[in-house]
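Hello,

Here is the structure I promised to pass on. My notes on it follow below.

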Amino acid sequence: MNKLPKEFKEKWLAALRSGEYKQGKMELYNKETDSFCCIGVAGIINGLSLDEMNGKSSPIYNPEYTMACLIPASDMDILIRMNDGSWNAKQKSFPEIADWIEANL
């Protein structure tokens, strides 16, 4: 099981549960809707700018985002599927995703 750095994890969980970030799909950040995926919220916690993330999709294949977000690539896919929903699963809310992160990372 992969573990996140404690301080980062605590900040990310708090941000996901805060209600401060509007949840979106398919992009780290969408300027038009001012919405984030859960990975985009992690990027904010680690200092990525909105401009850096605007319109960018899956960070799995982009090492700079994977490194900046501190999320192991093996867990990134799970989180993206939870955030966006998939053919066999309903989209999870940020608080539901935070619960999974808390239990698994």
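Helices (H or I, at least four residues) and strands (E, at least two) are taken as DSSP runs, numbered from the N terminus. This is a predicted model, so to speak of local features we need pLDDT of at least 70, and side-chain atom pairs count only at pLDDT 80 or more, while totals for chains, interfaces and linings use all residues. Residues are numbered from 1 along each chain as its sequence is written, and side-chain values use heavy atoms, with hydrogens and water left out.

Now the salt bridges (a side-chain nitrogen of Lys or Arg within 4 Å of a carboxyl oxygen of Asp or Glu): the count comes to 5. One of them joins K6 to E10, at 3.9 Å from N to O. These two sit 4 residues apart in helix α1 (residues 6-18), so about one helical turn separates them. K6 is exposed at 63% relative accessibility, whereas E10 is partly exposed at 45%; here buried means under 20% relative accessible area, exposed over 50%, and partly exposed in between (1.4 Å probe, protein chains only).

In helix α5 (residues 73-84), R81 and D77 are also 4 residues apart, and their closest N and O atoms are 3.0 Å apart in a salt bridge. Salt bridges with shared partners also link R17, D99 and E102 into one network.

Helix α2 (residues 38-45) is mostly covered, with 6 of its 8 residues buried, including C38 and I39. Just after α2, G47 has a positive phi of about 90°.

Happy modelling!
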